Amino acid sequence: MKLLFAAAFALFALLTFDQVDSSAYDKIVSHSRIRAKKEGPNVCALQHVLGTKKKYFSTCRNWYQGTICGKKATVVYECCPGYMRLDGMLGCPAVAPIDNVYGTLGLVNAVTTQQYSALSKLKEEIEGAGSYTFFAPSNEAWDLLDAEIRGALVSNVNIELYNALHYHMANKRLLTKDLKNGLTIKSMYNDLTLYINHYSNGVVTVNCARIIHGNQVATNGVVHVIDRVITAVGNTIQDVLDVDDDLSSLNNVATNAGLLELLGKPGHYTLFAPTNDAFSKLDKEVLDRLMGNKGALQALFNYHLLDSVQCSEAIMSGTSYETMEGSNIEIGCDGESLTVNGVKMVLKKDIVTSNGVIHLIDQVLIPNSAKQVMELVGQSQSTFGDMVSELGLSAAMRGEAEYTLLAPPNVVFSDEIMAMDQDDMRVLLENHILKNKIVLSQLFNGQRLETLGGKFLRVFVYRTAVCIENSCMIRGSKEGINGALHLIRTLIKPAEFSMYKVLSENGNFKIFLNLMEAAGLTELLTQEGEFTLFVPSDEALAGLTERDINILKSDPNALRAILLYHFSKGIFIGGGLESGVTNLLKSLQGSNLKVLHGADGMRVDSVQIPESDLMASNGVIHVTKSLLYPADVPVGNQEFLSLLRRFIRYIQIKFVSGYKFQEIPLTFMKRIVTVHGQPSVSTVTRFVEGDPRQTHITSYSEGDPTLTKVTRVIQGGPTVTKFTKVVQGQPALTKVTRVIEGDPSLTKVTRVIEGDPSLTKVTRVIQGDPSITKVTRVIEGIPSLTKVTRVMEGPEIFFSNIGEMEQNGQQTEYYNVDTDAEKFTQTIQEGRRVPGRRVPAGIRRRTRMTSQPKTQ
């Protein structure tokens, strides 16, 4: 009893552990058990493909579709792996007896494999002690094996057959949960490798042979029944391309693309390999162009290569896979045949190699990235492509240049369009060809794109759409080797004129334009900017009398509020609005416009828009059937209310006695101010250059008040000697700045004479080599300010006393500004050198700063 309890507990623990660590295969089996629960315990529901012996633990997708590989599949109920039926009882209540591996082959009906095991003397081994995994071919798998190969095995049972069966075995117990995707296992035949793939749909393969009955536990291992006999693998994909004569063209492509060596390295690849006959179907011009372009060859080859192993038995329906080129292809099946992008083209499948699998196909797959831009045009845009070629635009596109095609569908080329003059048609088509290659990810709001005809198209990016002028893009953009193609909904009509000119030339909006002029808002229609205008036509405003217009004009704030409610900042075209929801656009008046866009057209505030997307250089125009009015704004005048109710019937306008419209700041209006007469400015720049000196003079002459500025620069070196002296007094302040420099020296003179109404400023700079001596002195007074800065060149100056200074043997006398003010002022006005104030010795502090040139 204790042993029975222990065994039951161990089985429960094992099952619990297995469920926690279950695989995709185990989950599919569990789902199949749930689907068949009405049939009794331990029954699984499988799908049986009609006309074949194939059965699958099906995925939900195939289950509800009722098909596998496009073929009808019926539901059958069988015992789940490891269970048996009992006579007279519902379902599969009995656990299958546990036997050794040899005996278990009989339990799972792998009778042929069991017989061959006995013939080859393998029976004794798999009946004895050990822990084995046997991937046992089913009876049907042996029948599918080539008769010559099978005969060779049976004729040499002790060696060939024994080795072949050993290659189906591993020397350890591996359940399906242990068979991870990409796992490699050493077989019991010379340690040759077995290649495991475990797919998300529950399919598990060994060398691309599908496990059709798994996890039949034996006392010395486990048995998995597979649907074909597997053979040893030793070659890489590169080896196959090198030795298979029918793949020599593909081998040449891989070599020229520099990718052949990649296929000789470890990895997990799927190669859809076009045969030589497939390449012979290509146009010679196309093939020559591809072979002459390494980038195109790389794109071409990588488009046939997946970075995963996709065995044919794992494909139960069409699934998209990313190629190593970057684009996706759809791999599906049609009965026993594989399909690529919906086309049956696979000649031979599941050539297993050490680094992947090869499927031979009879067509060459050319990705968009290896195509010229005109080759990107599809059947749904064939009219556009034909017209571009017929009018010579494709020939005008240089081979070395890059372009972008904005391709509308065939349906937009109506009889009216096709009847256009050829010159006009050429201009129209030029608007759909951009000069540069612009992919979808490079587009941004406000971008301007130059066309082949030299015009510029605007880009608008919205929440759910990207539009170019009046036409929005639809899914299906393509990128080629020298360009890109974007699918658009309709023909592009570039904006040429302002909203004002569009409305004026149309002739159906005279009343609205008259009201805009009366409100002083006409500039809004002419100025640069981006606006959306919902404009009522003359028909919508029919019946508006001169008296009505005068009533509207009588309250400028009210008229402006009504008109500005028809404008929104930003360009919103119909295709850019999100369908099925209310799009709120804030008007220039301040209230929100409620815009709907759907299959029945476009509406604003429930008002029908019969004509939309009239493009202008400063916005877009949508024509409405009614004057619009903000529902949240009342009216305080009965006469005004009566007028509005005659033209606005889609809402009930509120009346609030005494309500007055507030003035709306016209911050969105661009005012241009023109000033006539003064002030005027003239600028003269003069450069006098020489060696080793440079003189730079800048002069400004302005109107009233005028400014005259002269700058003269003579450059020198960096050393500076500076002397600053300030003498203050009441009511005048005098400040003098003087700079005296050594040799080479910098002399700078600044002279400013201020008055009313003129200002004169003189700056003079004479520069030399590095040493500089600078003296600063300021003299100020009321009502005038005189500032003199003078820089003189020469050797360093030494002061013998405060009353005089010596320069090159000459003495300079200083004036006392307190006592000699008149003489001092006269000297300044005459432009002569200004003596400093004579200060009695011992009264004022002296400041002297001397800097000597550095010696090397």
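# A quick tour of the model

Let's start inside: all six of the six residues of strand 13 (residues 221-226) are buried, so this strand is largely enclosed by the rest of the structure. Buried here means under 20% relative accessible area, exposed means over 50%, and partly exposed is in between, using a 1.4 Å probe and protein chains only. Strands (E, at least two residues) and helices (H or I, at least four) are DSSP runs numbered from the N terminus.

This is a predicted model, where local features need pLDDT of at least 70 and side-chain atom pairs count only at pLDDT 80 or more, while totals for chains, interfaces and linings use all residues. Residues are numbered from 1 along each chain as its sequence is written, and side-chain values use heavy atoms, with hydrogens and water left out.

**The big picture**

- The protein has 25 helices and 49 strands.
- Out of 856 residues, 47% count as buried.
- Of the contacts with a separation of 6 or more, 63% are between residues 24 or more positions apart; a contact means heavy atoms within 4.5 Å.

- Strand 7 (residues 132-137) pairs with strand 13 in the parallel sense over six bridges, and Ala 136 stands opposite Val 225. Two strands count as paired if DSSP finds at least two bridges between them.
- Strand 12 (residues 209-218) runs antiparallel to strand 13, joined by five bridges, and here Ile 211 stands opposite Ile 226.
- Strands 12 and 13 make a hairpin, with two residues between them.

- An open sheet of four strands has the order 31-32-33-34, paired antiparallel.
- Strand 31 (583-586) and strand 34 (607-609) are at the edges with a single partner strand each, so one side of each has no neighbour in the sheet.
- From one strand to the next, the twist averages 30°. The axes behind such angles are lines fitted to C-alpha atoms (for helices, over the stretch in contact), and the angles run from 0 to 180 degrees between N-to-C directions.
- Strand 33 (residues 601-604) and strand 34 run antiparallel and share three bridges; Arg 603 has Gln 608 of strand 34 as its bridge partner.

**Disulfides**

- There are five disulfides in the structure, each a pair of cysteine sulfur atoms within 2.5 Å.
- Counting bonded cysteines along the chain, the pattern goes 1-4, 2-8, 3-5, 6-7, 9-10.
- Cys 44 and Cys 80 are joined (S to S 1.9 Å), in a right-handed link with 110° about the S-S bond. Cys 44 sits in strand 1 (residues 43-49) and Cys 80 in the loop between strand 4 (71-79) and strand 5 (83-84), 36 residues apart.
- Cys 69 is linked to Cys 333 (S to S 1.9 Å), left-handed at -90° about the S-S bond. Cys 69 is in the loop between strand 3 (67-68) and strand 4, and Cys 333 is in strand 17 (residues 328-334), so this pair ties together parts 264 residues apart in sequence.
- Cys 467 and Cys 472 also form a disulfide (S to S 1.9 Å), and both cysteines are buried.
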